[in-house]
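User: I am new to this structure and would like to learn how to read its features. Please take them one at a time, with the general idea before the case.

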Amino acid sequence: MREQQYTVHTVRRGAVALTALLLVFAFLLTRLFLIQFFDFERYQQKVMDQLTTSSPVRAARGEILDAAGRVLATTRTVYRISVFPALIAKAPGDKAQAIIEGLAATAGVSPDAVREHLSHTRELSRTVVRETDSTVAAAVLAMISERGLSDLVAVEAVPDRYYPNGGLAAQVLGFTGSDGQGLYGLELQYNSVLSGVQGAYITARDSTGNRLPNRYEALVPATDGSTLKTTLDAFVQAVLEEQLEATMIESGAANRACGIVMDVQTGAVLAMATVPTFDLNAPFLLNEYAARELAALGVEGDSDLYKETKNALLLESWSNKAATEIYMPGSTFKAITCSAVIEEEAVRSLEERFFCSGALAVADRLIHCHKVGGHGSLTFAEGLQNSCNPVMMTIAARLGTDCFYSYVSGFGMLEKTGIDLPGEGGSIFHAKSSFTDLDLATASFGQNFKVSVLQMITAISAVANGGKLVQPYLVQSITNAAGETVYSHETVVKRQVISEQTAKTVSRILADGVAGNGGAKNAYVAGYRVAAKTGTSEKIGDDRNARIGSCVGFAPADDPKIAVIVVVDEPTDGIKYGSVVAAPYVANVFEAVLPYLGVEAVYTDEELENLTVKVPNLVGLSVAEATAVLEKIGVGVTYSGEGEIVSAQSPASGTAVLRRGAKAVLTLTNDAPAAEQAVPNVVGLTAAAANRLLQDSGFNITVCGAKDYYKVNKSVCGQSPAAGTLLPSGASVSIYFSYDAIKE
């Protein structure tokens, strides 16, 4: 009986054990099935991670080009030097000392620095030199070969960002970090497009970093980044930056200057700049202005104040003032007010008359005009040309708050433009629900609200192009590494703000003001009808005397191609008005850029009479050749001495002289230099009188300063060289005319 019970228990225990064993096997088989069919890739990757070391292969970053295909940003090859501390610590012999001595001799790295890197014996890799050139790389490679250090020291070719033009368009292009990622500007905005897809170099190693006996190596190639073709034009950009630099220096701008050149028809940004700029190839070095400001602190370089100030100055120099900051536009906004008034037929005609006594009462406030004593009686058109505040307030009141507000919105002042740049600034305007008659009065002439420089030129471009608000942009097309165009920009018209007829009317008023005696006459350019408006606005802050001087315009007024805006923040030297610190520089941009873009000048008879001409290089030409060249440009000639070849000339090649009465004195081969004579004093004379006296004395004339000197018979305010200076006959004397300081 007991034997039977024992047998039954034995069988039961065996059955339980067998069942348990079968369940375990079933579980294991299930796990194997799941791992094999569902988790295979995950576990395979874990095994590969344990057996292999992956080194990234950086993709070549795509280029950034200007509109003409000129390279603005590209990638060059530099070399990175690395050591492998974990392997070096286990290497036979004194490999560490050999590496320390070798890198100190070839790569210029201090022994202590190399020793510090080698002390990290738990790390597989340490970068000793992040960036060096091919000469140093070749020397290090030779050292590695001679000392048998091929598994312990590596020289890797890596792509590096390079900007051929240094600081050109610095704030627009932006720059990259040490790992090649975009940090500012277009480099940041289009980082994913430019950076491409990183590859990898995979090698088999054990857990301590040693290579496995069965060598395994694989290369996953990188996909290079795409190329951006921008709307920027390197020539136009250089012209704008040159003019901004000039006004910043001459006006003593305390808070930088900025500007934009835009195609009014498409919104393409041909140039956008902020000065002072910085070197894109060394973005963490302060520009000369910031360096002087930092040095003026007089504090130690390791102090917290020094570091904080330096970082603040760097951030300021990197920021794109034209797109990210906002300002009160002042009188430039009056062109928008008048556009709305004409569109709504709130004036009977352009000749409707108004009276400016110097101030106008609105609600409980007396708001003054910029002209003390007032303008007196003037037409609507003259109100805009002379920037009369009472006229603007009167006509805006006819629109009413709701209607005026709708045009502020329509011209894009309440929304960001949508340009393809990071960090675009948004405007600050009154809430519609609390927009009062007093707010309407001050807003009509551009005060008590803020917009960006980009918003302002976009709004003016709508006046220029027939009333269409277009979206500004910077990237025209994108081409991938295979050469395929994957994106091409098409003009985005947001809305029709005003009619084409209204736009033409406002353009004509603005152009007549520049050509005549309006407030923006300093934007005059001979041969081109320029429509422009200047402004001088207050800055709300601690300094009640701080101002912003600006000018915005477009040309040619009858068939606009480009708009230009220049904004000077806190001019401190001399006159602070936009008519002086901005308008002449806008004119200089038009004068240089319009011919470059193929827009031919059309001169009036009066302009032709006073047109300047640049004297060409005549040295080395025969008498007949030189005579023919000068006849073609309308410059007379006299010869000194005998011979057939010109050996010297006066004025020098490239000198701009007045065409009327201009004469070159050419010295022929083997002849003595022309006799010198004293320069007469012409300061205080009219342009005509100075011209006669200098030409009668045998000199040519170069006119500097105001370009409308002949229209109002201005007097010479300076000359160079000074009276009494001895110069050869035919030399050029510069005479200066002052710009009119109009308070706007």
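Analyst: Start with burial: a residue is buried under 20% relative accessible area, exposed over 50% and partly exposed in between, using a 1.4 Å probe and protein chains only. The model is predicted, so local features need pLDDT of at least 70 and side-chain atom pairs count only at pLDDT 80 or more, while totals for chains, interfaces and linings use all residues. Residues are numbered from 1 along each chain as its sequence is written, and side-chain values use heavy atoms, with hydrogens and water left out.

User: Is F429 buried or exposed?

Analyst: F429 counts as buried because its relative accessibility is 16%. Helices (H or I, at least four residues) and strands (E, at least two) are DSSP runs, numbered from the N terminus. F429 sits in the loop between α17 (401-410) and α18 (437-443).

User: Which residues does F429 touch?

Analyst: Contact means heavy atoms within 4.5 Å. Not counting residues up to four places away in sequence, F429 touches F404, Y405, V408, L414, F435, A443 and F449. Its C-alpha atom is separated by 8.1 Å from that of V451, 22 residues apart along the chain.

User: What does Q385 contact?

Analyst: Q385 belongs to helix α15 (residues 380-385). It counts as buried because its relative accessibility is 19%. Leaving aside neighbours within four places in sequence, Q385 is in contact with I509, D512, G513, G518, G519 and E744.

User: How many residues of helix α16 are buried?

Analyst: Eight of the 11 residues of α16 (residues 389-399) are buried, so the helix is largely enclosed by the rest of the structure. Those buried residues are N389, P390, V391, M392, M393, I395, A396 and L399. After α16 comes G400, with a positive phi near 90°.

User: At roughly what angle do helices α4 and α6 cross?

Analyst: Axes are lines fitted to C-alpha atoms, for helices over the stretch in contact, and angles run from 0 to 180 degrees between N-to-C directions. Angles under 35 degrees count as roughly parallel, over 145 as roughly antiparallel, 65 to 115 as roughly perpendicular and the rest as oblique. The axes of α4 (residues 95-106) and α6 (residues 134-147) come within 10 Å and cross at roughly 155°. The two helices are therefore roughly antiparallel to each other.

User: Which residues make that contact?

Analyst: On α4 they are K95, A98, E101, G102, L103 and T106, and on α6 they are V136, A139, V140, M143 and R147. For classes, Ala, Val, Leu, Ile, Met, Phe, Trp, Tyr, Cys and Pro count as nonpolar, Asp, Glu, Lys and Arg as charged, and the others, Gly among them, as polar. The contact of α4 with α6 has six nonpolar, two polar and three charged residues.

User: At roughly what angle do α14 and α20 cross?

Analyst: The axes of α14 (residues 334-343) and α20 (residues 500-515) cross at roughly 135° and come within 9 Å. That angle makes α14 oblique to α20. A335, S339, I342 and E343 of α14 meet T502, T505, V506, I509 and L510 of α20. These residues divide into five nonpolar, three polar and one charged.

User: Now sheets: in what order do the strands of the five-strand sheet lie?

Analyst: Two strands pair if DSSP finds at least two bridges between them. The five strands form an open sheet in the order β10-β9-β23-β22-β21, with antiparallel pairing. β10 (269-275) and β21 (531-538) each have a single partner strand, so one side of each is left without a neighbour in the sheet. The twist averages 5° from one strand to the next.

User: How many bridges join β22 and β23?

Analyst: Eight bridges join β22 (residues 547-555) to β23 (residues 562-569) in the antiparallel sense. Helix α22 (residues 583-596) lies across β9, β21, β22 and β23, at about 145° to β23.

User: Which pairing does the three-strand sheet have?

Analyst: That open sheet, in the order β25-β28-β26, has mixed pairing. Its edge strands are β25 (636-640) and β26 (646-650), each pairing on one side only. β25 and β28 (residues 663-668) pair in the parallel sense over five bridges, and G636 stands opposite K663 in β28.
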